[in-house]
Amino acid sequence: MKPTSSPPKTPRTYRVKSFGCQMNVYDGERMAELLGERGIAPAPEGEEADLVILNTCHIREKAAEKVYSDIGRLVKAGNKAGKSPLIAVAGCVAQAEGEEIMARAPAVSIVVGPQAYHRLPEMLDKAAKGERATDTDMPAIAKFDALPARKKRGPSAFLTVQEGCDKFCTYCVVPYTRGAEISRPFSHLIAEAQKLIEAGAKEITLLGQNVNAWVGEDDKGHRAGLAGLIHALARIDGLERIRYTTSHPNDMDEALIAAHGEVAKLMPYLHLPVQSGSDRVLKAMNRQHTAESYLRLLEKFRAARPDIALSGDFIVGFPGETEAEFEDTLRMVDEVRYAHAFSFKYSPRPGTPAATMEGQIAPAVMDERLQRLQARIAHHQFAFNQASIGQTCSVLVERTGKLPGQWLGKSPWLQSVWFEGDHAIGDLVEVELAEAGPNSVMGIIERSS
Ligand code: SAH
Ligand code: SF4
Ligand code: F3S
């Protein structure tokens, strides 16, 4: 579908729609800050924006297809209103399929990759002249230096410390869409963390496609890994909680494991994807670890921090996966007793080795396996919530609940906790966990600080 009116030359309002991982959420916030600098304001709730940025994800087929249906919807709404928005496609689909988007979707004015969005202002200038602009360069770390200072957000903030991936799991597009692994410098991260805290953040989640591959030089010029960065962040007053995601089993070091026992501000939670419980499948996936080595690693975390909540990612129906191999995955879930986990049907991605492997699994088989896996995961998540009942813990208040006087926040173990009382967003409240649900826990207030 084609727009029946031309987009505004100088947009006054914007909306950023981020899909996919938390890294995209972070990038979306930074793009919003960049537009704010240019005097473009967020579109009021319920109003059409002059500029819409679709910050896209390419990880699975459905995620990528969404872009085209979203563009279609925007054009339709614009035609109906007699006012077409300026449409920009950012994120991983922009990186992977930029040219195709430009060819297939004439309504799109800007295509900008995840490493190039600091150049959005120049691209908007081009669009103002009626030209279309594409930028999918990967100038490593340049974007962070070119972005404006952090603005006020909620009490829990994201901070991208590492980007890219060198692992090349055979099913995955990330090494192609985000490029090679790079780490942002220590001093920049400390400075950005300080800005986030000044803006009201109590909790910072360090982000990276392989966040535990972060390396840098600390303020004394010593080589530091993620554990060193976490120790330094923990020394900043006003920061109460530190989290990190996502890690790769092969980048774990002893210092990071030990940090879970040493740093009180580091929350007892670890998201460590494994994808499969079968060594043959793991090998075909090029994960470069075994089920056994993964389980041994988790034991070390449990030794350092006995109450640590564990989380993972799983793929069902990888090419060639047999019923027995799938059952190895179920066994792993039962052995680890995850507090939380994500599971996906394998999605063949263009250009990845697995897409052309023999033994692609029928959709009905994948559906059935996914259901069985999700039932096991749900069972353990509920059991984790039930086992936490009776404990008192801190909850960071993040938003209001459905009813007046209700609040929602996160426990140290990342459970959603709701409770009643006289509080404010950003409070750290001592809560007794009273009643477990499958996806959340009801709490009772003890005292607040
Ligand atoms: N770097 C992280 C996460 C990358 S993407 C890691 O390796 O852990 C997040 C999750 O999406 C992956 O952990 C995997 O479970 C899933 N995923 C990636 N590619 C996929 C594909 N082609 N089909 C289905 N799920 C996929
Ligand atoms: Fe993808 Fe594997 Fe890299 Fe994770 S480690 S981003 S799954 S290639
Ligand atoms: Fe998706 Fe890109 Fe993140 S593909 S999961 S948005 S790194």
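Let's start with His289, which is found in the loop between helices α10 (279–284) and α11 (291–304); helices here are DSSP runs of H or I with at least four residues, strands are runs of E with at least two, and both are numbered from the N terminus. This is a predicted model, where local features need pLDDT of at least 70 and side-chain atom pairs count only at pLDDT 80 or more, while totals for chains, interfaces and linings use all residues. Side-chain values use heavy atoms, with hydrogens and water left out, and residues are numbered from 1 along each chain as its sequence is written.

Is His289 buried or exposed? His289 is buried, with a relative accessible area of 8%. (Buried means under 20%, exposed over 50%, and partly exposed in between, using a 1.4 Å probe and protein chains only.) Leaving aside residues up to four places away in sequence, His289 touches His248, Pro249, Asn250, Val274, Leu282 and Tyr294, where a contact means heavy atoms within 4.5 Å.

Now for the nonpolar cores. In soluble globular proteins, nonpolar side chains tend to be buried together. A core here is a set of buried Ala, Val, Leu, Ile, Met, Phe, Trp, Tyr and Cys residues joined through side-chain atoms within 4.5 Å. The largest one has 96 residues, and Leu206, Leu226, Leu229, Tyr244 and Tyr338 touch the most other members. Helix α8 (residues 226–234) gives the most to this core, with seven residues. Domain 1 (13–139) and domain 2 (149–267) both contribute residues, so the core lies between them; the domain bounds come from an automatic or database assignment. There's also a second, separate core of 20 residues, which includes Ala64, Val67, Val75 and Val89.

What about empty space? Rolling a probe the size of a water molecule over the atoms shows where it is left. On a 1 Å grid over the protein atoms alone, a cavity is a set of points where a 1.4 Å probe fits but cannot get out, a pocket is an open set with protein on both sides within 12 Å along at least five of seven lines, and lining residues have an atom within 4 Å of a point. Grid points are joined across faces, edges and corners, and a volume is the space filled by probe spheres set on the points.

The second largest pocket has a volume of about 400 Å³. Of its 15 lining residues, Arg60, Lys62, Lys345, Tyr346 and Ser347 lie nearest its centre. Helix α13 supplies the largest share of that lining, four residues.

The largest cavity has a volume of about 40 Å³, and Glu48, Leu74, Ala77, Gly78, Ala81, Lys83 and Pro85 line it.

Note on methods
Chains are lettered from A and ligands numbered from 1 in the order in which they are written.
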